[in-house]
Amino acid sequence: GISRAYYAAYNIAKEYAERYNLIAECDASGKPLGTHEKVWRGLQTSPIADIRLVGVRGSGLKGTRVQADYNQGCINHSNLINACAIAEKIINVIEKN
């Protein structure tokens, strides 16, 4: 469930980031970013404060998704509820912008 919530938010965020040319290629030190971090970090550079927050929330949600996928012992029902709520907030903010 956490993975599905994450990808629902990620796919909408990616489309938004591509539409508004908000894809970050490298981190502050010049190191290339992974596919998902390009989107989340790129959104963090938006001139719109709500979209910058989406980038921060999305990056955190990615961490939760990785934990759920690779370290299930650390994940519980409240993590699922929280992930779904964050994904919903991300989607709602993007749809408003």
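Q: Where is Cys74 found, and why is Cys74 called partly exposed?
A: In this predicted model, Cys74 sits in the loop between α3 and α4. Its relative accessibility is 44%. Buried means under 20% and exposed means over 50%, so Cys74 counts as partly exposed.

Q: Which residues is Cys74 in contact with, leaving aside neighbours within four places in sequence?
A: They are Gln67 and Asn79. As for Arg41, 33 residues away from Cys74 along the chain, the C-alpha atoms of the two are separated by 26 Å.

Q: What makes α3 roughly antiparallel to α4?
A: The axes of helix α3 (residues 49-70) and helix α4 (residues 77-96) cross at roughly 150 degrees and come within 10 Å. Angles over 145 degrees count as roughly antiparallel, so α3 is roughly antiparallel to α4. The crossing of these two helices, α3 and α4, is left-handed. On the α3 side the contact is made by Asp50, Ile51, Val54, Arg57, Gly58 and Leu61, and on the α4 side by Ala83, Ile86, Ala87, Lys89, Ile90, Val93 and Ile94. Sorted by class, the contact of α3 with α4 has nine nonpolar, one polar and three charged residues.

Q: Why are α1 and α4 called roughly parallel?
A: Helix α1 (residues 2-19) packs with α4 at an angle of about 15 degrees, the axes being 9 Å apart. Angles under 35 degrees count as roughly parallel, and therefore α1 and α4 are roughly parallel to each other. Their crossing, that of α1 and α4, is left-handed. From α1 the contact takes in Ile2, Ala5, Ala8, Ala9, Ile12, Ala13 and Tyr16; from α4 it takes in Asn79, Leu80, Ala83, Cys84, Ala87, Ile90, Ile91 and Ile94. By class, the contact of α1 with α4 has 14 nonpolar, one polar and no charged residues.

Q: How do you know whether Arg65 is buried or exposed?
A: Arg65, in helix α3, has a relative accessible area of 8%. The limit for buried is under 20%, so Arg65 is buried. Not counting residues up to four places away in sequence, Arg65 touches Ile2, Ser3, Tyr6, Tyr7 and Tyr70.

Q: How many aromatic pairs are there, and what makes the pair of Tyr6 and Tyr7 edge-to-face?
A: The count comes to six aromatic pairs. For Tyr6 and Tyr7, the ring centres are 5.1 Å apart and the planes stand at 80 degrees. Rings pair if their centres lie within 6.5 Å, and planes over 60 degrees apart count as edge-to-face, so the pair of Tyr6 and Tyr7 is edge-to-face. Tyr6 and Tyr7 form one aromatic cluster with Tyr10 and Trp40.

Q: Why is Tyr6 called buried, and why is Tyr7 called partly exposed?
A: Tyr6 has 0% relative accessibility. Buried means under 20%, so Tyr6 counts as buried. Tyr7 has a relative accessible area of 24%. That value lies between the limits of 20% and 50%, so Tyr7 is partly exposed.

Q: What makes Asn21 count as exposed?
A: Asn21 lies in the loop between α1 and α2 (35-43). Its relative accessibility is 68%. Exposed means over 50%, so Asn21 counts as exposed. Asn21 also has a positive phi of about 50 degrees, although it is not a glycine.

Note on methods:
Residues are numbered from 1 along each chain as its sequence is written. This is a predicted model: local features need pLDDT of at least 70, side-chain atom pairs count only at pLDDT 80 or more; totals for chains, interfaces and linings use all residues. Side-chain values use heavy atoms; hydrogens and water are left out. Axes are lines fitted to C-alpha atoms, for helices over the stretch in contact, and angles run from 0 to 180 degrees between N-to-C directions. Helices (H or I, at least four residues) and strands (E, at least two) are DSSP runs, numbered from the N terminus. Angles under 35 degrees count as roughly parallel, over 145 as roughly antiparallel, 65 to 115 as roughly perpendicular and the rest as oblique. A crossing is left-handed if the near helix is turned anticlockwise from the far one by less than a right angle, and right-handed if clockwise. Contact means heavy atoms within 4.5 Å. Ala, Val, Leu, Ile, Met, Phe, Trp, Tyr, Cys and Pro count as nonpolar, Asp, Glu, Lys and Arg as charged, and the others, Gly among them, as polar. Buried means under 20% relative accessible area, exposed over 50%, partly exposed in between (1.4 Å probe, protein chains only). Rings of Phe, Tyr and Trp (its six-membered ring) pair if their centres lie within 6.5 Å; planes under 30 degrees apart count as stacked, over 60 as edge-to-face and the rest as tilted.
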